[in-house]
Amino acid sequence: MNCYLPVVNVIGCGFAGIECALFLAGHGIKVHVFQMHRDYKCNCDRCTGKIDGQKEEMWKGLLKRELSFLGSPLIKEEERLTREGYGGCLASRLLAYGEDLVKKNENIEYFEAGISQVNPREINIIATGSNTDEGMFEYLTNKFGSMRCFRHLQVNPVIDNIDTSLCCRREGDDGHLFLPLEYSEYLNFVNAIIKEVNRLDEARLKFCQNTIEELACRGKDALKNYALMPIYLEGVKEKPYAVITLKKVNTGYSIEGFSSKLNSQSQLNILKSLKAFENITLLKESGVENAVYINSKYVINEFNQSLQDHNLFFAGSILGLSSYYDCIASGLYTAMNVYKYYNGKKMIALPSSSIIGSLAKKVINSNLLKRNNNCENYDILKQDDYYSPTVIEKLFNRSVESLVRFKEEYSNGKYV
């Protein structure tokens, strides 16, 4: 460790930042918390009206139980509110509760200030997520490069009335359809995008990174190398030139990796250029949201520590996480490693048989340039578990057994 002052700086006071600060302060470390600005737009299920599938609901339930077992103060408060029948937005309530705990903690100093760079001789945790301001984004871009730092989050379009006879499935994957494209079909699709771009007034056209129009104008194969990466499919003799991935959602199918700032009519015209989409209905148009995140695979190691600067750590949605449960878990995991690093001890990896451990591994193993969809991509569930009526108990007992050993080793064993 190369620490100049006996203090840890936590930049950002969202779910991950709060969890980091409270854990470290609770272990006797002086913490400075910098809150840049609060522009929180809640996307929890209660506020958006989203209905989780059985699998996603199971993941969240298990993750909450693991976080409670590890002593997360935010999850403990959520449990209390749930028991009391609280009917409002849990996410907003937890943020306010956590920020109040941070301000009252004697080991934490709270500052309302923007940070555009960090002192490399101090330990810093960047947990700014969607509240990352321009100064911090510029700092990250200069440090890690523009291909590893992203400013916008994709909002995928949702469509219905697809000609599924032209699509393929993969064995054991009922949640996705795949539309293979030959070279001529792909080229026709790219030309349809460029045609719609050319219709627009240049003064009104502002490209956002990795939107379909930006990729199509960047080069012929840029779209294929990002959202339409070819894969081998059953029933298709040769590997297609490109593949469109469709994910089943409540109302229709979401087109993975398709973000666009074009208007809804232009989006519809583009999609209808594909044979399987000639009669589709556009249920939800694509878009982009401000949400800074890094390409974790090439920026951090398994401990959420920068590969380039060992005094720099990351936590929360800036790693590509989405739900606030994932962000809390990330904050706790990062804080555990910072505590060991601060004391010159060996850092730890949570057991992969737990949801939190699997989540940490997913962050650094995600596909290039693609934001994680963590709630549906944990890997601890065996196929037979889906059909077990006691699957939650079975998985929780499995993870608790490994977490008990982990807690013993963390406090008293080989990591000390």
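Which residues have the most contacts inside the largest nonpolar core? They are L24 and F314, in a core of 86 residues. A nonpolar core here is a set of buried Ala, Val, Leu, Ile, Met, Phe, Trp, Tyr and Cys residues joined through side-chain atoms within 4.5 Å, where buried means under 20% relative accessible area with a 1.4 Å probe, protein chains only.

Before I continue, please note that this is a predicted model, in which local features need pLDDT of at least 70, side-chain atom pairs count only at pLDDT 80 or more, and totals for chains, interfaces and linings use all residues. Residues are numbered from 1 along each chain as its sequence is written, and side-chain values use heavy atoms, with hydrogens and water left out.

To return to the core: helix α10, residues 324-342, gives the most to it, with 13 residues. Helices are DSSP runs of H or I of at least four residues, and strands are E runs of at least two, numbered from the N terminus. Leaving aside neighbours within four places in sequence, L24 is in contact (heavy atoms within 4.5 Å) with V8, I29, V31, I125, A335, V338 and Y339. Another core, of 34 residues, lies apart from this one and includes I162, C167, A222 and F258.

I turn now to the sheet. Six strands form an open sheet in the order β7-β8-β9-β10-β6-β11, with antiparallel pairing; strands pair if DSSP finds at least two bridges between them. Because β7 (168-170) and β11 (281-284) at the edges each have a single partner strand, one side of each is left without a neighbour in the sheet. Within the sheet, three bridges join β9 (residues 242-248) to the antiparallel β10 (residues 253-255), and K248 has Y253 of β10 as its bridge partner.

How values were computed
Buried < 20%, exposed > 50% of the residue type's maximum accessible area, 1.4 Å probe, protein only.
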